[in-house]
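Please read this briefing alongside the structure.

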Amino acid sequence: MRTKEESLPLMEISPAETDQPDYILVADHRTQRNPRTVYKQRQFLENLKRKGFQYKVKKDQEKVFFAIKADNSIFSLYRTLLMEPEGPAPKVEPAWPTHIPATTRIRIVNFILNSKTPAGDTFWDLMEDGVFETRFPLHQGEEELEVKWARWRNLFRKQPIDDIRYYFGEKVALYFAWLGWYTYMLVPAAVVGLIVFLSGFSLFNASQISKEICEAHQVFMCPRGDYRRRYQRLSDTCTFAKLTHLFDNEGTVVFAIFMALWATVFLELWKRHRARVVLHWDLYGWDEDQEEVALELINCRDYQLQTHQHSYWRSTIILVLSLFMIGIMIGMAHVLVVYRVLASNLFSNSALPFLEDQVTTAVVVTGALVHYGTILIMTKVNKFVALKLCDFEKPRTFSERESKFTVKFFTLQFFAHFSSLVYIAFILGRINGHPGKSLRLAGLWNLEECHLSGCMMDLFVQMAVIMGLKQTLSNCMEYLGPWLTLKYRSMRGCKSEDPELRGWQRNYRLNRVNTFSLFDEFMEMMIQYGFTTIFVAAFPLAPLLAFFSNIVEIRLDAIKMVRLQRRLVPRKAKDIGTWLQVLETIGVLAVIANGMVIAFTSEFIPRVVYKYRYGPCQQDASPSVDCLTGYVNHSLSVFYTKHFEVPVMTDGSENITECRYRDYRNAQDYNLSEQFWFLLAIRLAFLILFEHVALCIKLVAAWFVPDVPQSVKNKVLEDKYRMLRERMWFGGLRRQCAPGLGPGTPPHYSPPLSSRAKSTDV
């Protein structure tokens, strides 16, 4: 006898759909020897059968495959999923569709499989008990998508977003739509960054500062470190001085402001693009919370609504634990500082002549490699901690859990990736003291100093190494890892002569996917976006590297999802969720960070101040004289070698009575000079001015470019008008008709074109 739920009208499913299962459950062949495990398997399958599923079992030498197929009654029970958020008049019974999209079938079946059994177990509990090994939906009909999208030959072809949606669902399609739009918008940023970088080549040999450094053969820099101390001619840094000018020039300020504007315009144009896409998919008014509640109610009529709750006690604990983890991330940056100090002393005492001559460069490069290694380790730790914090917070729904996890994980990842960059940009070389009285780590080792050509070189190298490794090594591992795993499992596994079972085996050997598969792709792009915007003033080539990386990333992700991984469970979505707030936060941080880089790390402010306050142009010099003439001598402080506690014992050092170092200190008592405090005031004033101007530009750009095009608003308005007209017509609510609208006027009536408000798609 059928229950009330099972007696609802059935939907016809085309014969082609009945041939393929919706899901495959897999168990190890050895489980069949355990009566308790076999009983639990049968109990689970019989429970599915009572809900309206059909199943069949096939075996090979190693695994047992359970193919399950949802009956028509399942989709009549979940019929609300197939209706529009706001349907026609209530009195009209909607006609059932004759075809159910595969994404809808998989999503509904996945929800049922996640439900608890009468015994109180979930499928994940059964997996932990060894009753089942895994489950997955089958790849079916992916050949067309593979030809059009998941091949390297399609590297520069437009993505078939609608086809991606029909196969993987809206969540995955929106990810690729966003990634494609982000890559497209990187073009102007990459072009401007390349122009700024190349403009330095025009001044490669013409820069007055570079000329003075290259000609300073009689200027000696003070010794650095404690081992093999020796004086170094300033002219020895000639090449690095020219290289530094490639990315530390007047165009850097313009580019930083441009990137602040670009980040805002990019987000506003993405919002408009997203609005068009979801309207095209008829998901503009879709509500994720409403669907989750509907699924729970239809699955269990006794479901009790979980209301929103807030616990200040839990929030306090989560805040304290989060701050503790952030402290660990900052502590990791200090560990890197210790490494750089020890490596500097080790390389200074090395027997290799190259390391002895290029100690700072070697320390920067190896420090970046160590930082990259810590990022890989801390990523796993951060994910585990963020998950535990999320579970402790007890979110109401899966979407709420995903949102909270996104915020926590990104925060930890942000500090893991950028803490060392903050140290290099704003702390390195600024707390060391001065020659003869330098600050020491544990009273033993001198703290690391900036490169002789300035701290911008250290920041540039750190950015280049980390971003280069993440875009090359990570992408290679992201592709080669799943590819090699699939090859190994394919060679090791047996192949059945049954074509159907052979297809199940092929899907089983594909790489596993989980809830975080798409999440990890988003996180990777968010970190890249941070590198592209936050310290772009020190690395103007970041947008160009990101552009080329994304072109490869799109096809790499496509090949992974279609050919190397099991099929992702489709999920409905109408936006990218919390990631949009993450992007907006990065945009604000980028303005602050770039302003501080220009003010405190770059030589831009000292050059401008010298040019208009201390330079020859201030003294009405000849027009042929460069305004920066004498800047190098002005920016280097004097230290008398007789004040060294331990004299420098090298050949010819006895003839050197003074050496120079980068700072603004008096030559008499080595205290900070008046120029230092004046420069500090100008730096702070510039930072405040830059941030306010950049943020105002962002606000004006956000106001000027509407989030939603007028055409989308008008389409939504027309749909609401038509829906109300239909409800009015079918509900018998027509009391009085407007002039010209008689009782026989059809319900799809719309006002004439002349009476409609004309709109411009802005």
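Buried means under 20% relative accessible area, exposed means over 50%, and partly exposed lies in between, with a 1.4 Å probe and protein chains only. This is a predicted model, in which local features need pLDDT of at least 70 and side-chain atom pairs count only at pLDDT 80 or more, while totals for chains, interfaces and linings use all residues. Residues are numbered from 1 along each chain as its sequence is written, and side-chain values use heavy atoms, with hydrogens and water left out.

**The chain as a whole**

- The chain has 24 helices and 12 strands; helices (H or I, at least four residues) and strands (E, at least two) are DSSP runs, numbered from the N terminus.
- Of its 762 residues, 49% count as buried.
- Taking contacts between residues at least 6 apart in sequence, 78% join residues at least 24 apart, where contact means heavy atoms within 4.5 Å.

**Helix α10**

- Helix α10 covers residues 251-280, which is 30 residues.
- Its span from first C-alpha to last is 42 Å, close to the 44 Å expected at 1.5 Å a residue; the expected span is 1.5 Å times one less than the number of residues.
- After α10 comes Asp282, with a positive phi near 60°.

**Salt bridges**

- The structure holds 30 salt bridges, each being a side-chain nitrogen of Lys or Arg within 4 Å of a carboxyl oxygen of Asp or Glu.
- Asp22 forms one with Lys69, and their closest N and O atoms are 3.8 Å apart.
- That pair links distant parts of the chain, since Asp22 lies in the segment before β1 and Lys69 in strand β3, 47 residues apart.
- Asp22 is buried because its relative accessible area is 7%, and Lys69 is buried at 10%.
- Glu133 and Lys63 meet in another salt bridge, at 2.8 Å from N to O.
- Here Glu133 sits in the loop between α4 and β4, and Lys63 in strand β3, 70 residues apart.
- Both Glu133 and Lys63 also belong to a network of salt bridges with Asp28, Arg30 and Arg512.
- Glu142 and Arg506 form a salt bridge at 3.6 Å, N to O.
- Glu142 is in the loop between β4 and α5, whereas Arg506 is in helix α17, 364 residues apart.
- Glu142 is buried, with a relative accessible area of 6%, but Arg506 has 39% and is therefore partly exposed.

- Glu553 is found in helix α19, residues 542-564.

**Aromatic pairs**

- There are 40 aromatic pairs in the structure; rings of Phe, Tyr and Trp (its six-membered ring) pair if their centres lie within 6.5 Å, and planes under 30 degrees apart count as stacked, over 60 as edge-to-face and the rest as tilted.
- Phe418 and Phe531 form a tilted pair, with 4.8 Å between centres and 35° between the planes.
- This pair joins helix α15, which holds Phe418, to helix α18, which holds Phe531, 113 residues apart.
- Phe418 counts as buried because its relative accessibility is 3%, and Phe531 does so at 2%.
- Phe418 also forms a stacked pair with Phe535, at 6.4 Å centre to centre and 25° between the planes.
- Phe535 lies in the loop between α18 and α19, 117 residues from Phe418.
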